[in-house]
Each structure stands twice: as structure tokens, then as C-alpha cells.
Amino acid sequence: MIERTVTIVPEDGLHARPASKFVEAANEYDSEITVAPADGDPVNAASMLAVTGLGAKSGDDVALTADGPDEEEAMEAVATVLTTPESES
Amino acid sequence: MTTESDHTPLTTDLIALDGAPTEKEPCIEFLLDLAVDAGRVTDREQALEDLLQREKDATTGVGMGIGIPHAKSAGVASPTIAFTRIDDGIDFDAMDDKPATLIFMLLVPEEGGEEHLSMLSSLSRSLMHEENRDALHEAESPERVEEIILEAIDA
């Protein structure tokens, strides 16, 4: 399992289009991916309901984990969504 | 309606246990009309445009049978939640391809800040729990639904 903490860049936070892209990315890989707020429990990154429940805003830190056969690529993909400004994605 | 209820986002007249259209956009209009009839909306057209724009950015079909169309809109007078359920489910463009059976609309005025996002995340967290989804399906009165949802967003 690999872990990474990233700061959310898109202005909308983990909401609307960035959230949708994040969940889509998490669903593209076989690895299990989780996302957790700085002081909270991890949730399944492949569930839009769970991700919406985080209420994570732009500038918040979140902890990501990926566990599985393609964990490196999976981590790269979901971290990229969270660290790319909406205008450049 | 009384002035007191202006401070509560959800009242029983904003809850329809059945009778909603079984397509996404008409269903959104149906929920919006509950809010209009409850005196929560000053500009229906503007509110609808803002709701549909949000769906265009990304669907609010969040999966697990839940749809949460929402908007911050200049056409909205006060923070409002409207609810309906559709036992057979409707296509809400959810990423998990599951039909939506519980539909919540969240509306806040333009000056509402981030209030709708905190309502949205509290509600989503609550709906992660199967017992809360079951309770909403089983509720036999708008009063019971009101109780469940107000408890959920207060958590």
C-alpha cells in the first residue's frame, strides 16, 4: 500500500467536476483507493456519495492511499486530479 | 406559512412521498415546484437554470440510489431542502449506474456562502448509512421524513 498527502487545488474543492473526475479516476483502477480528511476517517474514493460526504475544500489537505496491483498508477491519477487547477484540466 | 418556518430548511410541505416524475429533469422541476409553492423561491427560472447548470458540470447522482441536485441561486429566498422518493428508481446519471430512489434538492440564496456545501456533506455522510436510507424508504409520513433529514443535517 502506498500513501500520499496532497493539498486540494481546484477552486471548487472536492465537489462538482473535480469530485466527479476524482471518483471516475478511482474507478478506473483495480487498486483500492481511499481518501481521508486531515483529522478524519478514510472513505472509499470510488464512491461519489462518500467523497461528497467529506466536504473537502480547496486548500484542504487530504490523505490518499492506494492498495493493489496498479497502486502506483492509481495514486498518480487521483493525486493529479486533486492538484491540477480546474482551468488546466 | 409562518415566519418561524423560514428558519427551518425543511418543512413537511417540501416533502412528497410519491408522485414525482420518473425522469431526471422533470423530477428536478417537481422538487423545485415544492420549494416555489412553499414560498422559498423568488425566481423559478433562475433557480432552475442554476440547478441544471450544476447537473451539466457534473451529475448529482452520487450513487447508492441517491440524487442530490443543488444550487446556490439568486432565485432562492432562504435555505431549503425538498425531498421525494421514487420506489422504482429513476436514471439520475449516477456513476455507479444504479437508479436513484431518494432525491433531495438543496437550495440556498446567492449570499448563502458555503452553507449548501456543508448541508450537502452532512447529508451525504448520513446517507452512507444503510439504516438511514432504509428509514427514509420506510417512512410513512412527511413528519417522519422531516425528522430523519433534520437529524441528518444537524449531525
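Mentor: In this predicted model, the buried residues of H1(B) are B:Lys24, B:Cys27, B:Ile28, B:Leu31, B:Leu32, B:Leu34 and B:Ala35. Look down the helix axis and those buried residues fall within an arc of 145°, so they line one face of H1(B). And what sits over them? The cover on the buried residues of H1(B) includes strand S1 (15-16), helix H2 (44-57), strand S5 (80-90) and strand S6 (100-109), each from chain B.

As for the helix itself, H1(B) runs over residues 24-37, which makes 14 residues. From its first C-alpha to its last it reaches 20 Å, close to the 20 Å expected at 1.5 Å a residue. Just past the end of H1(B), B:Gly39 takes a positive phi of about 80°.

For contrast, hop over to chain A and its strand S1, residues 2-7. Of the six residues there, the number buried is zero, so S1(A) lies largely in the open. S1(A) still has a partner: six bridges join it to strand S4 (residues 61-67) of chain A, and the two run antiparallel.

Lastly, the two chains meet, with 16 residues of chain A in contact with 16 residues of chain B. On chain A's side, helix H1 (16-27) and helix H2 (48-54) are the elements giving two or more residues, and H1(A) gives the most, with seven. By type, that side of chain A splits into seven nonpolar, seven polar and two charged residues.

Notes. Residues are numbered from 1 along each chain as its sequence is written. Chains are lettered from A and ligands numbered from 1 in the order in which they are written. This is a predicted model: local features need pLDDT of at least 70, side-chain atom pairs count only at pLDDT 80 or more; totals for chains, interfaces and linings use all residues. Two residues are in contact if their C-beta atoms, placed from the backbone, lie within 7 Å. Helices (H or I, at least four residues) and strands (E, at least two) are DSSP runs, numbered from the N terminus. Ala, Val, Leu, Ile, Met, Phe, Trp, Tyr, Cys and Pro count as nonpolar, Asp, Glu, Lys and Arg as charged, and the others, Gly among them, as polar. A residue is buried if 20 or more other C-beta atoms lie within 10 Å of its own, exposed if 12 or fewer, and partly exposed in between; C-beta atoms are placed from the backbone. Two strands pair if DSSP finds at least two bridges between them. The expected span of a helix is 1.5 Å times one less than its number of residues. The arc is that of the directions from the helix axis to the C-beta atoms.
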